[in-house]
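Let us walk through this structure step by step. Start with the sequence and the picture below.

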Amino acid sequence: MVDTQPTARVGQAPSSGPGRRPSRPARGRRTLRPGVVVLTLVAAVSAFPLYFMLVMASRRNEDITSVPPPLLPGDQLLDNIQRVLADPNVAFGKAVLNSLIVASTATAAVVIFSALAGFAFAKLEFTGRNPLLLVVIVTMMVPVQLGLIPLYMLMGWLHLSGRLPAVILPFLVSGFGVFMMRQFVQQAIPDEMLDSARLDGASPFKTFVFIVAPGLRPAAAVLALLTFMERWNDFLWPYLVLDQQHPVVQVALSRLSGGYYTDQALVMAGTLLGVLPLLVVFIAFGRQIVGGIMEGGLKS
């Protein structure tokens, strides 16, 4: 019999037909996935306010109100930063130092106390455990504004009004941190490890230090970032309880924007200085933070 099917020419791809595999695209050619495009657009939109803040901080005040607004950085950034730091009524350098002290102390305390309390609620048996956990959850439902007046009176009774301890002591532990750590300990730490440590004669504190604490690093990184951001960005309570000799960043920014005339370039330069510590923290611990979020998502 004579073969009636046409033969493929040299250098020509065989045509698709029954029994033949569809041709694959060349290995060097990569197609853009829709998810990558969407994520790129979302990242660009999210980063644009930070970029525009940098542009405004490097311009003169009259350039900010121009139409259309400038989209490229200027040459006044260092001059605006020097003006912010040299203003005696704002004391921005001291405000940054005070905010670092407040946020770092509160973050360390929240992580430590929340981890201890979360371990106790998740793995230890004691009387009143469930009612106490319910009380912790209820505290998360009460707005902070409802406790400002009694808290202010308490700080006055302790003679702490106007001083930095007044913005540190009320936030050494949080209900959210305790509940978050309790959930993570319950899922991440198996009971068999604790039973073996108990059989070896380890006390509950030693069990926490050598067995539980190393497994809490991802959750502790996430909680530390959230707490640091919350304390760094807090404005209302420091504005009420601190005096002018002990400012924090958010109160100093409000002083920059106050008065009859507001220099928007100075406000943007101060805002840039106030955002830099948060960016440094996220860049330094970003991998641990993202890993903690992903690990918590996989275990939930």
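**Charged pairs and nonpolar cores**

This is a predicted model, in which local features need pLDDT of at least 70, side-chain atom pairs count only at pLDDT 80 or more, and totals for chains, interfaces and linings use all residues. Residues are numbered from 1 along each chain as its sequence is written, and side-chain values use heavy atoms, with hydrogens and water left out.

Begin with charge. Side chains of opposite charge can pair when their charged atoms come close. Here such a pair is called a salt bridge: a side-chain nitrogen of Lys or Arg within 4 Å of a carboxyl oxygen of Asp or Glu. The model has 5 salt bridges by this rule.

One of them joins R129 and E125. Their closest N and O atoms are 3.8 Å apart. How do the two partners sit? We call a residue buried under 20% relative accessible area, exposed over 50%, and partly exposed in between (1.4 Å probe, protein chains only). R129 has 19%, so R129 is buried. E125 has 70%, so E125 is exposed.

Now move to R231. Its side chain meets E230 in a salt bridge, 3.8 Å from N to O. R231 also forms a salt bridge with D234, at 3.1 Å. E230, R231 and D234 are therefore linked in a network of salt bridges. R231 is buried at 11% relative accessibility. D234 is buried too, at 18%. E230 is partly exposed, at 48%.

Next, look at the nonpolar side chains. A nonpolar core is a set of buried Ala, Val, Leu, Ile, Met, Phe, Trp, Tyr and Cys residues joined through side-chain atoms within 4.5 Å. The largest one has 22 residues. Which of them touch the most other members? They are V84, F92, W232, V249 and L256. Several helices supply at least two residues each, among them α1 (34–57), α4 (92–123) and α14 (264–299). Helices (H or I, at least four residues) are DSSP runs, numbered from the N terminus, as are strands (E, at least two). α14 gives the most to this core, with 7 residues.

Take F92 as an example. Contact means heavy atoms within 4.5 Å. Leaving aside neighbours within four places in sequence, F92 is in contact with residues including V84, L85, V249, L256 and G270. There is also a second, separate core of 18 residues. Its members include A122, M180, L216 and A220.
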